[in-house]
Amino acid sequence: MKKLRFLFLGIFFAIILSKAQVISWYRYIEMFRFESFHMFGIIGSAVVISALLMLLFKSGKIKDIDGNKIVPKEKNKGYIRTLLGGSIFGLGWGLSGACAAPVFVILGFETLPAIVILIGALLGALLYGILSKKLPN
Amino acid sequence: MDFILQPWPWYVGGPLIALVLFLYFYFGKNFGASTNFETICSIAGAGKISDYFKKDWKERDYAILFVVGLIIGGFLSANFLTPDKTMDLNSNTVKELTEMGFTNIGNQYFPTEIFSKEALFSLKGFLILLVSGFCVGFGTRYAGGCTSGHSITGLSSLQLPSLLATIGFFIGGIISVWLLIPLLF
């Protein structure tokens with residue numbers, strides 16, 4: 001039952017992404033054309049506040065609900081995978097505006113198109129899994 | 001109540017996203033969204049195709065609940081919480097989109113030209129949605145994260161790979177918006 005808190009957190013996150021227009025296709029066009037501050041303000045302020053939180057996690061001033069130290073996972077360090085993988089993701093993100101969390105939120109707004117995007121994303125993840133050992137790092 | 005129904009400015013949205021990250025970590029888990037694509041593949045039986053997906057997805061039951069929450073939250077937002085879907089877009093953005101033939105710009109979240117039934121049931125429209133999803137699924141897994149995992153969690157914990165990934169996100173996004181969309185429309 002404790003895990004239900006993640007269900008509510010998901011609902012909360014979806015409402016934030018919807019209300020702050022983070023799921024809006026037009027907002028991404030503006031962002032990638034560097035013609036609006038909106039998305040940069042959202043991502044920037046989220047990163048700055050999160051960085052302060054990370055300091056508190058690191059120093060142990062904030063522990064998790066069970067009293068354990070909070071340690072964010074270290075990301076895989078490959079240069080090719082982060083730049084190339086990131087660019088491939090960016091291509092898709094710029095086209096439909098559907099990022100990994102928003103695609104689930106968009107299901108509530110534009111159900112059929114979001115299902116097509118989601119099927120594409122699952123096929124993409126599937127192909128990555130199949131090729132994962134052969135791709136350059 | 002008024003505040004809930006109005007669009008939220010960036011200085012409300014950004015800090016609230018940080019609050020979600022905080023709660024996610026406080027509840028004992030690493031914040032991110034794109035690993036869920038793999039988890040769904042595992043649940044759907046992709047382990048039969050590749051050992052990569054032979055994972056115990058039950059260990060990620062919390063993440064699946066988060067995804068279910070996202071879907072519920074999306075339906076709630078679409079039907080009850082966003083009566084006003086208009087936005088003040090930059091006039092240059094509007095002008096460029098108009099020249100490409102887009103209509104009703106900024107009066108909705110999702111453009112008719114890509115998300116309407118007519119677009120969805122045309123070959124071009126269907127492929128735009130499917131291929132963009134494919135890039136999102138493949139790219140996030142190859143890069144090891146999306147905007148949540150890399151640009152917010154990774155950047156804020158000062159991880160170099162996340163900076164590279166975020167640069168990649170923008171390279172791809174800029175190619176899409178400056179080259180592909182003008183070519184397609």
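1. Chain B has two assigned domains: domain 1 spans 1-83 and domain 2 spans 114-185. The model described here is a predicted one. The C-alpha centres of domain 1 of chain B and domain 2 of chain B are 17 Å apart. Where they meet, domain 1 of chain B contributes eight residues and domain 2 of chain B contributes nine residues. On the side of domain 1 of chain B that touches domain 2 of chain B, two or more residues come from helix H2 (10-26) and likewise from helix H3 (35-43) of chain B. By class, that side of domain 1 of chain B has five nonpolar, two polar and one charged residues.

2. The fold of chain B is helical in its assigned elements: there are ten helices and zero strands. Along the sequence the pattern reads α-α-α-α-α-α-α-α-α-α. The C-alpha atoms of chain B fill a box of roughly 50 × 45 × 35 Å along the principal axes. Chain B has 185 residues, and 47% of them are buried. If one takes the contacts in chain B between residues at least 6 apart in sequence, 45% join residues at least 24 apart.

3. Chain A can be described in the same terms. Its elements are six helices and zero strands, in the order α-α-α-α-α-α along the sequence. The box filled by the C-alpha atoms of chain A, taken along the principal axes, is roughly 40 × 40 × 40 Å. Of the 137 residues in chain A, 58% count as buried. For contacts in chain A between residues at least 6 apart in sequence, the share that joins residues at least 24 apart is 41%.

4. One helix pair across the two chains is helix H1 (residues 4-19) of chain A with H2(B). Their axes come within 10 Å and cross at roughly 165°. H1(A) and H2(B) are therefore roughly antiparallel to each other, an angle over 145 degrees being the cut-off for that term. The crossing of H1(A) past H2(B) is left-handed. From H1(A) the contact takes Leu9(A), Phe12(A), Phe13(A) and Ile16(A). From H2(B) it takes Gly13(B), Leu16(B), Ile17(B), Val20(B), Leu23(B) and Tyr24(B). By class, the contact of H1(A) with H2(B) has nine nonpolar, one polar and no charged residues. H2(B) also gives residues to the side of domain 1 of chain B that touches domain 2 of chain B.

5. A second pair is helix H6 (residues 111-131) of chain A with helix H8 (residues 123-143) of chain B. Here the axes come within 6 Å and cross at roughly 40°. That angle makes H6(A) oblique to H8(B). The crossing of H6(A) and H8(B) is right-handed. The contact of H6(A) with H8(B) has 20 nonpolar, five polar and one charged residues.

6. Lys29(B) lies in the loop between H2 and H3 of chain B. Is Lys29(B) buried or partly exposed? It has 19 other C-beta atoms within 10 Å and is partly exposed, since a buried residue needs 20 or more. Leaving aside neighbours within four places in sequence, Lys29(B) is in contact with Tyr24(B) and Tyr62(B). Tyr24(B) is also one of the residues of H2(B) in the contact with H1(A).

7. Asn107(B) sits in the loop between helix H5 (91-99) and helix H6 (112-115) of chain B. With 13 C-beta neighbours inside 10 Å, Asn107(B) is counted as partly exposed. Not counting residues up to four places away in sequence, Asn107(B) touches Lys85(B) and Thr86(B). Asn107(B) and Gly69(B) are 38 residues apart along the chain, and their C-alpha atoms are separated by 27 Å.

Definitions and conventions: Residues are numbered from 1 along each chain as its sequence is written. Chains are lettered from A and ligands numbered from 1 in the order in which they are written. This is a predicted model: local features need pLDDT of at least 70, side-chain atom pairs count only at pLDDT 80 or more; totals for chains, interfaces and linings use all residues. Domain bounds come from an automatic or database domain assignment. Two residues are in contact if their C-beta atoms, placed from the backbone, lie within 7 Å. Helices (H or I, at least four residues) and strands (E, at least two) are DSSP runs, numbered from the N terminus. Ala, Val, Leu, Ile, Met, Phe, Trp, Tyr, Cys and Pro count as nonpolar, Asp, Glu, Lys and Arg as charged, and the others, Gly among them, as polar. Axes are lines fitted to C-alpha atoms, for helices over the stretch in contact, and angles run from 0 to 180 degrees between N-to-C directions. Angles under 35 degrees count as roughly parallel, over 145 as roughly antiparallel, 65 to 115 as roughly perpendicular and the rest as oblique. A crossing is left-handed if the near helix is turned anticlockwise from the far one by less than a right angle, and right-handed if clockwise. A residue is buried if 20 or more other C-beta atoms lie within 10 Å of its own, exposed if 12 or fewer, and partly exposed in between; C-beta atoms are placed from the backbone.
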